[in-house]
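Thank you all for coming.

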Amino acid sequence: VSAAAAAAVTNGLGGGEQAAAAPVSADQLDVEAYAAQYSGRTRVARLLFIAERCGVEAIQLEALRMAHDEARAREDTVLYLDAVLKINSRLGPRYRHDQAWVDSVNRRAEQRKEKLETELNGYRTNLIKESIRMGYNDIGDFFYAHGHLSEAFKSYIRTRDYCTTSKHIVQMCMHVILVSIELGQFAHVTNYVSKAEQTPDTLDAVIVAKLRAAAGLANLETKKYKLAARKFLETGPELGSNYSEVIAPQDVAVYGALCALASFDRSELKSKVIDNINFRNFLELVPEVRELVNDFYASRYGSCLEHLEKLKPNLLLDIHLREHLGTLYNDIRHKAIIQYTLPFISVDLNTMASAFKSSVSMLEKELAALITENKIQARIDSHNKILYARHADQRNATFQRALQTGNEFERDIKAMLLRANLIKHDFNQKNWL
Amino acid sequence: SPSRRDAPISPSRRSIPSASNRSFTLRRDSFVSSSANLRAHAGGDLLVTVADFLTSCSADQIRMAPDKFLNVCRVLKNEVMQLNAPIRGIAPLRAAVRKIQTSSEQLTPLHAEYLMLCLLAKQYKAGLSVLEDDIFEVDQPKDLFLYCYYGAMIYIGLKKFRKALELLHNAVTAPMSSLNAITVEAYKKYVLVSLIQSGQVPSFPKYTSSTAQRNLKNHTQIYVDLSTCYGTGSYSDLETFIQSNAEAFQTDNNFGLVKQVLSSMYKRNIQRLTQTYLTLSLEDIASSVQLNTPKEAEMHVLRMIEDGEIHATINQKDGMVSFNEDPEQYKSSEMVEHIDSSIQRLMALSKKLTSIDQNISCDHAFLMKVQSGRERARFDYDDFDSVPHKYF
């Protein structure tokens, strides 16, 4: 166990039932601790993702090694081959491409598949709904375990016709959601989450939490950050590590906090994030994120942005967050700048630049861009480096608008009367050509 | 004065009897038919004779034989063109326009001819006197297109781009069932003037004929491309584009306008800066607007201040420009008068609109259509309502 993980364990404050490692921290990523949060296929997928993106060879090899072992243990040939390819013989003879093993696994898989299919056909001829449903489920599980995601998806969908109780429906939805997330088809995820939520029976709290987390994830991936934030914030602490095949509670905290910072206004931030008792449980798992949310609310923008920068390299290795990190960070920074300037009539750009830890000229450019987008009502005195708030003169603006409307009216009406006259004489160009 | 009906045609006759225009009409016919011969003999005299006639003839009598009158005017026009002295035709034709019009709102075929002469003689102000009257009655659509096109060119010459845009807009959006060359040329200028005036080309309003909407852009592709290039905001890109298509613009006689489009790009960029900055150094202005030196920036800003396009002061010692708010407070008596006269004008226009609306409501054809519509299907006001909804 690496030193960082040990330190994290002693520092960690979490629910009793779950390992308190905080892998999303400013330190270099502890691959083992990170991977320990997840189970199932996503563990391997995430390890491969880290290996691809991290750029530090030691970590890369560590991740690939773990991915390889995991894939082999799960008998998932697709992921195994991927891992072996990436390892590229760098880790010694045990990690070389073992075609014999692949073939034997595939053979066994074929046999099992035939068995399952014959069973299913048997059930179908017997027309016993429950057996057919379980048959399709088993086949779906089989395909999923071996990495054939689209077939798994199709099989799970087929169980829909044979579901008799809401428990069955929920089970089907959860399966479909799982596969869709891995396939990256988040429209389906949103669909099936709402299907599951609409069942007449009240759902188990854990399942509700899982559905919220899945919905949040779908919104995040489709760039609906505000909705994503809401969903993550509504996720109950019952989630714990029960959904480790998709998402870890630390992720809920990080995703939720970042999306909220980027898209909520101050009042929402206070009521839904800071005062949210349920969400507090999640935030405790990632104390740095908790710190930065509090900093933002207390207007300590410099330290908030510093925390963000420190977290950035590890967050870039997250399979779901990577593509959105740039946008989210920009949005948070812009929000910070706008909030900073809001209470003042004039702001000295030098002080502001030191608060935001950037140079005056860079800050000036950012401000100019925000003013052009009409997000800040102000103007820059570039000579003295001061930002002045500007409140439009309502009276003058009204006069201007009135005169302009009058002109437009005149122009449009005259043109219209002319056109009406032309039409009245029913001009056909054939007549005058 | 005695009737000259039987006297031989003599080109040297100068005095025109106002009481017996009828007789002159017949003589005029012979002028027209044999003007070719006469020109050989008379030259300048023919011109003077016709010009005198036009200025002093009686309007009522003219309106009884408008076609012949138009012919005479054409003779005059051809004459001055031949002599390469379009300016000599301006005063007579202006008088002619006034005489043949039944009201100042009517468009006659002479309007376009008159404007053309003004353009050729570069007497733009003379053209204004005719352009100032709004036109609401049109007998021949061909006149309208030419009138709009030439009128717009006069306004462009006087740099009154907003009024030019109004005329070009009418030419482009007039009802038509097939495209004509005048509209195509008008659209080209419309694109250029829109860019100079407001930095973008508005899309076709929904009352534009479908012919125009479908086909205009195909015939004016480089202008459409020019407007896209303008939209990027990069001076150098625009310049390169113009250079590479210079020949096409030259052939269309639009190169002067195109150069104005190019220089308007700087203006627009500088104006955008006034929205963001209170003071800005000349260096920063130069770099953000893509000028080469602060000196050039100073020149541009100075010119814009003189033209009244921005309100600013240049501090040469520090190399800084301060952008000021529009000093107009809307409190002066001139402004009050201006607002008052605008209100009067608009009320008159509104009254006119109401009366036309009432006339149409009583019109037989309209009532028939309403009736059959009611019988057939749900009667939808939108079908008959062409006033833009934003005013409701």
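What we are looking at is a predicted model, in which local features need pLDDT of at least 70 and side-chain atom pairs count only at pLDDT 80 or more, while totals for chains, interfaces and linings use all residues. Residues are numbered from 1 along each chain as its sequence is written, chains are lettered from A and ligands numbered from 1 in the order in which they are written, and side-chain values use heavy atoms, with hydrogens and water left out.

For the model as a whole, the scores are ipTM 0.78 and pTM 0.69. Chain A has a mean pLDDT of 84, with 92% of its residues at 70 or more. Among the elements of chain A, the lowest mean pLDDT, 40, belongs to helix α1 (residues 3-11) of chain A, and the highest, 92, to α12(A); over residues 1-23 of chain A the pLDDT is below 50, and beyond near neighbours in sequence this stretch has 27 contacts in the model. Chain B averages a pLDDT of 81, and 84% of its residues score at least 70. In chain B the pLDDT is below 50 over residues 1-20, a stretch with 17 contacts beyond near neighbours in sequence, and again over residues 31-35, where the model has 6 such contacts.

Turning to the build of chain A, we find 22 helices and 3 strands, where helices (H or I, at least four residues) and strands (E, at least two) are DSSP runs numbered from the N terminus. Of the 433 residues in chain A, 48% are buried, and here buried means under 20% relative accessible area, exposed over 50%, and partly exposed in between, with a 1.4 Å probe and protein chains only. Among the contacts in chain A with a separation of 6 or more, 61% are between residues 24 or more positions apart.

K223(A) has a phi near 65 degrees, a positive value in a residue other than glycine; K223(A) sits in the loop between α11 (205-221) and α12 (225-234) of chain A, and counts as exposed at 53% relative accessibility. Y330(B) has a phi near 60 degrees, again positive in a residue other than glycine, and its place is in the loop between β5 (320-323) and α19 (333-362) of chain B, but Y330(B) counts as buried, at 8% relative accessibility.

Now, how many disulfides are there over all chains? Taking a disulfide as a pair of cysteine sulfur atoms within 2.5 Å, the count comes to 0. C173(A), for instance, is in no disulfide, since the nearest cysteine sulfur, that of C163(A), is 8.0 Å away. C173(A) is buried, with a relative accessible area of 0%, and C229(B) is buried too, at 14%.

In chain B, A312(B) lies in strand β4 (residues 312-315) and is buried at 11% relative accessibility. Not counting residues up to four places away in sequence, A312(B) touches I305(B), V321(B), S322(B), F323(B) and N324(B). A91(B), in helix α6 (residues 90-100) of chain B, is partly exposed, with a relative accessible area of 47%.

Finally, the second largest pocket has a volume of about 420 Å³. A pocket is found on a 1 Å grid over the protein atoms alone, as an open set of points where a 1.4 Å probe fits, with protein on both sides within 12 Å along at least five of seven lines, and lining residues have an atom within 4 Å of a point; grid points are joined across faces, edges and corners, and a volume is the space filled by probe spheres set on the points. Of the 20 residues that line the second largest pocket, the closest to its centre are L119(B), Y124(B), M153(B), K189(B) and N253(B). The largest share of this lining, 5 residues, comes from α9(B).

Notes:
pLDDT = per-residue confidence, 0-100. Contact = heavy atoms within 4.5 Å.
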